[in-house]
Amino acid sequence: MEAIKRRKFLVTSALTAASAVFLKGCLGNPPEPNAGSGGTPTPQAANLTPETTPETPKVRLGFLPIFEAIPLIIAQEKGYFAKYGLTEAVLSKQANWGAARDNVEIGAAGGGIDGGQWQMPMPYLIHEGLITKNNVKVPMAVLAMLNTQGNGIAISKTQAGKQIHLDLAPAKAYFQQLKQAGTPFRAAYTFPKANQDFWIRYWLAAGGINPDQEVNLLTVPAAQTVANMKTGTMEGFSTGDPWPARIVKDDIGFMAALTAQIWPNHPEEYLALRADWVEQNPKATKALLKAVMEAQQWCDQPENRPEMAQIAAKAAYFNVPAQILEPMLMGKYTMGDGQPDIDDFNMAVKYWKTEKGSVSYPYKSLDLWFLTESVRWGFLPQTYLTGAKTLIDKVNRSDLWKEAAQEAGIASADIPSSDSRGVETFFDGKTFDPENPQTYLDSLAIKKLA
Ligand code: CA
């Protein structure tokens with residue numbers, strides 16, 4: 001009897017779970033009644049025509065629980081995917097970047113994902129078969145940038161008082177002492193040869209510290225960084241919010257730098273899908289872009305940020321209390337170790353536009369910086385610099401972004417006319433001119449060309 005009851009319970013639970021998934025798909029996962037602060041209702045479906053109706057209502061997108069993912073989360077929770085006909089869009093939380101890579105290689109048909117959120121230049125490395133199993137090339141399409149800023153470098157409390165701040169020059173002697181003592185400073189990123197690795201390397205090298213010789217670099221998944229710093233696995237790490245700021249909140253360490261300080265309005269993470277999905281589903285690709293663009297515009301309204309914190313806080317997404325997320329989303333950072341606090345919305349994560357231009361538009365000049373920085377550290381051979389334009393023209397689909405923006409009625413002022421964002425300037429005064437990446441490489445004292 002007990003067994004039958006139990007069995008019945010299991011069946012009922014399974015049915016409930018199945019209908020929950022079904023509802024989520026059909027209704028575009030409307031916000032829970034108590035999810036937000038009573039904000040916007042689920043939008044009406046867009047007036048879809050044969051030209052704009054997606055070829056498929058399905059798309060499976062991978063995400064990681066960091067601020068970069070919020071436009072995808074908002075597009076789902078606010079019903080923007082459903083509005084543009086992607087009524088069966090699914091967000092799939094990835095355990096780490098390696099899992100995301102493996103899942104896009106499998107594709108949704110094989111139980112993986114069609115694409116989603118990526119650090120740069122991961123879509124290029126996957127496209128080229130440089131980080132896939134057996135070096136299989138999985139052609140990719142870069143569709144939009146998800147965000148700028150909202151990342152940082154956190155340092156363990158054990159390193160307090162050593163001047164490990166934005167300008168590292170005063171700490172150089174200390175780094176050398178550690179190295180000579182056989183206990184070099186250990187710094188972690190969430191995946192090698194991508195954003196987080198680049199931010200920590202740029203910061204170290206700008207302070208005169210050679211990341212390949214004077215420190216130990218290691219990989220730790222974003223969600224494990226707090227636990228690993230607590231147990232003393234590393235002294236510093238670079239990752240997306242909210243994880244670095246948790247370190248300060250939990251009194252485990254302090255912030256050395258925000259990426260917003262290292263390179264204001266820097267390129268961060270991107271929306272990219274398998275190129276075969278994009279080719280088979282051009283209208284669905286534009287529907288996806290329209291939904292993400294609408295979410296990005298919603299995200300950049302300061303008055304929406306408290307509700308955004310409530311939504312991202314949910315267990316299915318960050319599983320972190322909203323009150324920890326909200327200050328960072330408003331540009332409020334406690335830096336610690338005697339540094340002044342930051343309270344400036346300009347320093348917060350941004351999703352739609354900044355004074356430097358569009359955030360969402362995938363400027364090809366920024367892809368070129370990622371490829372150039374890959375050459376700087378010997379991750380890619382120097383031949384990639386000469387071949388960069390051809391490769392970027394193949395992978396970067398800014399053409400689709402523009403078409404989607406026009407169809408969505410985005411103001412022409414918000415649709416960039418050029419694929420170049422122009423000259424970029426870093427905190428140490430170095431500049432990157434996309435017209436001449438070699439000059440940038442030549443200007444850098446610390447590098448490891450291959
Ligand atoms: Ca990031």
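## Calcium site

Donors are N, O and S atoms within 3.2 Å of the metal in the case of Ca; water is not among the atoms, so sites may look incomplete. In this predicted model, the donors of the calcium ion follow the spacing E-x82-N-x44-Q-x71-E-E along the chain. The pair Asn-151 and Gln-196 links distant parts of the chain, 45 residues apart: Asn-151 belongs to strand β5 (residues 151-156), and Gln-196 to helix α7 (residues 195-206).

The protein donors are Glu-68 (OE), Asn-151 (OD1), Gln-196 (OE1), Glu-268 (OE) and Glu-269 (OE), at 2.2 to 2.9 Å from the ion. Asn-151 has a relative accessible area of 1% and is buried. Gln-196 is also buried, with a relative accessibility of 0%.

## Pro-267

Pro-267 sits in the loop between α10 (259-262) and β10 (270-274). With a relative accessible area of 0%, against a limit of under 20% for buried residues, Pro-267 counts as buried.

Apart from neighbours within four places in sequence, Pro-267 is in contact with Met-145, Asn-147, Asn-195, Trp-199, Leu-366, Phe-370 and Arg-421. A separation of 18 Å lies between the C-alpha atoms of Pro-267 and Asn-436, which are 169 residues apart along the chain.

## Five-stranded sheet

Five strands form an open sheet in the order β2-β1-β3-β10-β4, and the pairing is mixed. The edges are taken by β2 (88-93) and β4 (140-145); each has a single partner strand, so one side of each is left without a neighbour in the sheet. On average, and with direction ignored, neighbouring strands of this sheet are turned by 25° against each other.

Strand β1 (residues 58-63) pairs with strand β3 (residues 115-118) in the parallel sense, over two bridges. Opposite Leu-61 stands Gly-115 in β3.

Helix α12 (residues 282-299) lies across β1, β4 and β10.

Which loop holds Lys-78? Lys-78 is found between α2 (70-77) and α3 (80-83). The residue is buried, its relative accessible area being 1%. The side chain of Lys-78 is joined to that of Glu-307 by a polar contact of 2.6 Å.

Terms used
Residues numbered from 1 in each chain as written. Predicted model: local features only at pLDDT ≥ 70, side-chain atom pairs only at ≥ 80, totals over all residues. Heavy atoms only, no water. Donors = N, O, S within 2.8 Å, 3.2 Å for Na, K, Ca; no water. Helix = DSSP H or I, 4+ residues; strand = E, 2+ residues; numbered from the N terminus. Buried < 20%, exposed > 50% of the residue type's maximum accessible area, 1.4 Å probe, protein only. Contact = heavy atoms within 4.5 Å. Pairing = 2+ DSSP bridges. Axes fitted to C-alpha atoms, helices over the stretch in contact; angles between N-to-C directions. Polar contact = N/O pair within 3.5 Å; in protein donor to acceptor, adjacent residues only side chain to side chain.
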